[in-house]
Amino acid sequence: MSVSRRTLLTHVPGIAAVAATTITPAAGAAEEAADSLRTFRRTADYAVTKLRAVAPGVSAFPEITRFEKWTYSQNGGWIGGFWPGTLWLASIYSGDPQFRALAMASAEKLAPRQHETRDHDLGFLFYPSWVTGWRLTGDEKWRTGALTAAASLIQRYNEKGRFIRAWGALGTPDNAGRVIIDTMMNLDLLTFASKQTGDRKYLDIAVSHAKTTERVFLRPDGSTPHVFDFDPGTGAEIGPNTVQGYSPTSCWSRGQAWGIYGFTTMYRRSGDPLFLRTAQRLADFALRALTPDNVPVWDYLAPQAPHDVKDSSAGAVMACGLLDLAKVANRPHYREAAIRILTALCDTCLTTKSTRAEAIVARGTRNRRAEDGVEVSLPYADYYLLEGLLRVLMPKEIDKAIDLSSV
């Protein structure tokens, strides 16, 4: 219970003072923290119960819900890492070996993707599934496959523009100079590869891409576009654009969250203070734009914002990034904001009122601009909510799974 919600001693002119029980700020903070922990444990319990019911029947990769039921990608698309990742996290929280077995079986289905050079999302695919799998089991095949995926990913690096190409097969002209904010989340696969192999080329490419992203995406107010285009032949800047945001001048909230999380991670891996400052500027903008209900609108600068549809997945990603940022920047207010966001997701964005729902988190928005997936469930919302909860409830265990260390 916050101070603002408590009854305090009040005096109104002409009326006798109204006496009420006061609660000291320290006691109130402790009560609030205990409330949050209870909410988070209850939500994690719900997530595990839901997964126990749904996971044994899942044979592909959940992509998006239609009428509250998962629809699937057979090869994983860009989202294939989140289902095995969610199962790994469920195994950590519950200790249930069934989740461990299901996580390994699901991750194994991604094996053919490690050799792909046509996809920048190899980090999304292989970090929560194979890197986490190696860290939790010690099985060398997960490590080897993740390193192969990293070697595939760096082939998409454009040396003239100093960026990793987001979309399109290598050697094709379409989107050859396109960079998206999401790629910040794929860089940790490269830092993992440098740490494991001792070869700096992976880290150097990750740092170079992150510096390019900081230079061209970050606006003076701390907001970002979804896309930035370059001339792929010369590396010359063309300008901002969007696919999932409202416009090239707006700020897609999930992209902003990818940036907060991604730049914080790159600071931890490289020690470059530029990335820490960038993460803070992105976080400060997002927190200024956040509505009182603490669930991000799908685009912070769309015309109907803040009174537009929400995106719970943006909130889950942002909360994880803020928890990380609070620690490395020594700024407790980021952690307090993350707790508020996680609490709001637990209180207002779960599927608890539906007996049909197969996902954990509702109120997601995949692509509002294309009218594709509004008020749906998304596998990355489930994954990052559970990650955020475990960052609070089981910090040592989540560190073992995803490596929260700094250089």
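Helices H11 and H12 are oblique to each other. This follows from their angle of about 130°, because angles over 145 degrees would count as roughly antiparallel and 65 to 115 as roughly perpendicular. The model is a predicted one.

**Helix packing**

H11 covers residues 332-348 and H12 covers residues 379-393, and their axes lie 11 Å apart. The crossing in which H11 passes H12 is left-handed. On the H11 side the contact is made by Arg335, Ile339, Leu342, Leu345 and Cys346, and on the H12 side by Leu385, Gly388, Leu389 and Val392. By class, the residues of this contact are seven nonpolar, one polar and one charged.

H5 passes H6 in a left-handed crossing. H5 contributes Arg143, Ala146, Leu147, Ala149, Ala150 and Leu153 to the contact, while H6 contributes Leu189, Leu190, Phe192, Ala193, Gln196 and Thr197. These residues divide into nine nonpolar, two polar and one charged.

| Helix pair | Axis angle | Axis distance |
|---|---|---|
| H11 and H12 | about 130° | 11 Å |

**Hairpin of S10 and S11**

Strand S10 (residues 364-367) runs antiparallel to strand S11 (residues 372-376), and three bridges join them. Within this pairing, Thr365 stands opposite Val374 of S11. Four residues lie between the strands of the hairpin, in which Glu371 takes a positive phi near 55°. In a regular strand, side chains alternate between the two faces of the sheet.

**Aromatic pairs**

How many aromatic pairs does a search of the whole structure find? The search finds 21. In one of them, Trp78 and Trp258 are arranged edge-to-face, with 6.4 Å centre to centre and 90° between the planes. The label edge-to-face applies because the angle between the planes is over 60 degrees. Trp78 sits in the loop between strand S4 (69-73) and helix H2 (82-94), whereas Trp258 belongs to helix H8 (residues 253-270). The two residues are 180 residues apart, and the pair thus links distant parts of the chain.

Conventions: Residues numbered from 1 in each chain as written. Predicted model: local features only at pLDDT ≥ 70, side-chain atom pairs only at ≥ 80, totals over all residues. Heavy atoms only, no water. Pairing = 2+ DSSP bridges. Left-handed = near helix turned anticlockwise from the far one by under 90°. Contact = heavy atoms within 4.5 Å. Nonpolar A, V, L, I, M, F, W, Y, C, P; charged D, E, K, R; others polar. Phe/Tyr/Trp six-rings, centres within 6.5 Å; stacked < 30°, edge-to-face > 60°. Axes fitted to C-alpha atoms, helices over the stretch in contact; angles between N-to-C directions. Parallel < 35°, antiparallel > 145°, perpendicular 65-115°, else oblique.
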